[in-house]
Amino acid sequence: MEYDWSSLDELRTTYLEGTAGKGDYWASDELLRGYDVTFARRIAWKWHHVFRDLARLGWTPPAGAVYDWGCGTGVAVREFLTAYPEAGLKAVALHDRSRRAVNFAVSAVRREFPDVTITTGEPEGPFTLLISHVVTELPEAALAELLKLASRAAAILWVEPGTSLASAKLVKAREILKAVFHPVAPCLHRHGCGLLAAGHEHDWCHFFATPPPEVYTDRDWRQFGKIMGIDLRSLPLSYLVLDRRVPAEPVPGAVRILGKHRLYKGHALLDACDATGVNERRFTKRTAPAYFRAMTKGKTNTLQQWTLEGNEITSLTEPGGSAPPGETLPYPEE
Ligand SMILES: C[S@@+](CC[C@H](N)C(=O)[O-])C[C@H]1O[C@@H](n2cnc3c(N)ncnc32)[C@H](O)[C@@H]1O
């Protein structure tokens, strides 16, 4: 890859310092091109994590347009159209404060999906709203406007970095939007968010996507990781999917595991979210040794189905039907 590394590095510094909200930083098409094959690919892998989760939950997109707000290079909508080829989605709407970014995204969508109609701004009629890695760039007033727009959507898919700041903003948005929408994922209930309860001030709702194996072998990715000082293995995300349609009831005992397990000798502690709140549970290795090992390698899903005795997990499986390609469900016992 031959890209303007110093501009990409400056962009990353802007994101890290939290100054990206100050003004349009898309100074050139070259910067957008470089972003699209680097940072945006990493964002695409987070979207893939969300799509896999939604597949387990049996979610499919509602009819209507797909509106990518704060589109940048349009990675979210391009991945969305790729993930749901059967949905017959033929209308895309794009918005970004940067005209240059919108133009880039229009060309990219047109190139990859020539049959799709592209408009800019809020679409007429029902739409699915995609928001990707924008929330930390928005002042309060802009976020309030975005929430008003969101309340007009048929469904909302919102993916952000897995930081405590981004998670807190999503939790707040959920509390407002659940008056109109049903939470679909990661939440398995529509009560108040369990993280708002006392004792969870230092917890946040985040998960880890899995990058494809080429990040470890590909020379360009290694160079990118080195220049940017990024650990390519780590892809933390926060996300929120809301829908006006009533989702399927979660299976009895369904829980969502937040963040990373805490590993001790012979057992792990997990933060599990369900309608009762966010609770710490204990998973002893001898309960399910193969699954325990898979979990410590980061190979288990965040959606699980447990039986409990007190805080101790006594059995566990992964609900959601057939596994996506490359994954094995449920993990066989030794
Ligand atoms: C980190 S980029 C993410 C781009 C794209 N959604 C993605 O996931 O790759 C944030 C985008 O939000 C846009 N943005 C920031 N503030 C905005 C605002 N107030 N209104 C519209 N777009 C905004 C920026 O121009 C930029 O394209």
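1. The protein is divided into domain 1 (5-243) and domain 2 (254-317), with bounds that come from an automatic or database domain assignment. The model is predicted: local features need pLDDT of at least 70 and side-chain atom pairs count only at pLDDT 80 or more, whereas totals for chains, interfaces and linings use all residues. Residues are numbered from 1 along each chain as its sequence is written.

2. The centres of the two domains, taken over C-alpha atoms, are separated by 28 Å. In domain 1, 15 residues are in contact with 13 residues of domain 2; contact means that the C-beta atoms of two residues, placed from the backbone, lie within 7 Å. On the domain 1 side, α3 and β7 (207-208) are the elements that give two or more residues. Helices (H or I, at least four residues) and strands (E, at least two) are DSSP runs, numbered from the N terminus. That side of domain 1 divides into 7 nonpolar, 5 polar and 3 charged residues. Here Ala, Val, Leu, Ile, Met, Phe, Trp, Tyr, Cys and Pro count as nonpolar, Asp, Glu, Lys and Arg as charged, and the others, Gly among them, as polar.

3. There are 19 residues around the ligand, of which Gly70, Gly72, Arg97, Ser132 and Glu137 come nearest. A residue is near a molecule if its C-beta atom, placed from the backbone, lies within 6 Å of it. The elements giving two or more residues to this shell are α3 (39-57) and α4 (75-83). By class, the shell has 9 nonpolar, 6 polar and 4 charged residues.

4. Helix α4 is largely enclosed by the rest of the structure, because 7 of its 9 residues are buried. A buried residue has 20 or more other C-beta atoms within 10 Å of its own, an exposed one has 12 or fewer, and a partly exposed one lies in between, with C-beta atoms placed from the backbone. The buried residues of α4 are Val75, Ala76, Val77, Arg78, Glu79, Phe80 and Leu81. Their cover includes α2, α3, β1 (65-69), β2 (91-95), α5 and β4.

5. In helix α2 (residues 29-37), the buried residues are Leu31, Leu32, Gly34, Tyr35 and Asp36. These pack against α1 (5-17), α3, α4 and α5 (99-112).

6. The axes of α1 and α2 come within 10 Å and cross at roughly 75°. Axes are lines fitted to C-alpha atoms, for helices over the stretch in contact, and angles run from 0 to 180 degrees between N-to-C directions. The two helices are therefore roughly perpendicular to each other, a term for angles of 65 to 115 degrees. Ser7, Leu8 and Leu11 in α1 meet Leu31, Gly34 and Tyr35 in α2. This contact has 4 nonpolar, 2 polar and no charged residues.

7. Strand β4 holds Ile131, which is buried, with 26 other C-beta atoms within 10 Å. Leaving aside neighbours within four places in sequence, Ile131 is in contact with Trp69, Gly70 and Trp158.

8. Two backbone details deserve a look. Most residues other than glycine have a negative phi, and most peptide bonds are trans. His133, in the loop between β4 (127-132) and α6 (140-150), has a positive phi near 55°. His133 is buried, with 23 other C-beta atoms within 10 Å. The peptide bond from Ala185 to Pro186 is cis, with omega near -5°; Pro186 lies in the loop between β6 (182-185) and β7.

Notes. Angles under 35 degrees count as roughly parallel, over 145 as roughly antiparallel, 65 to 115 as roughly perpendicular and the rest as oblique.
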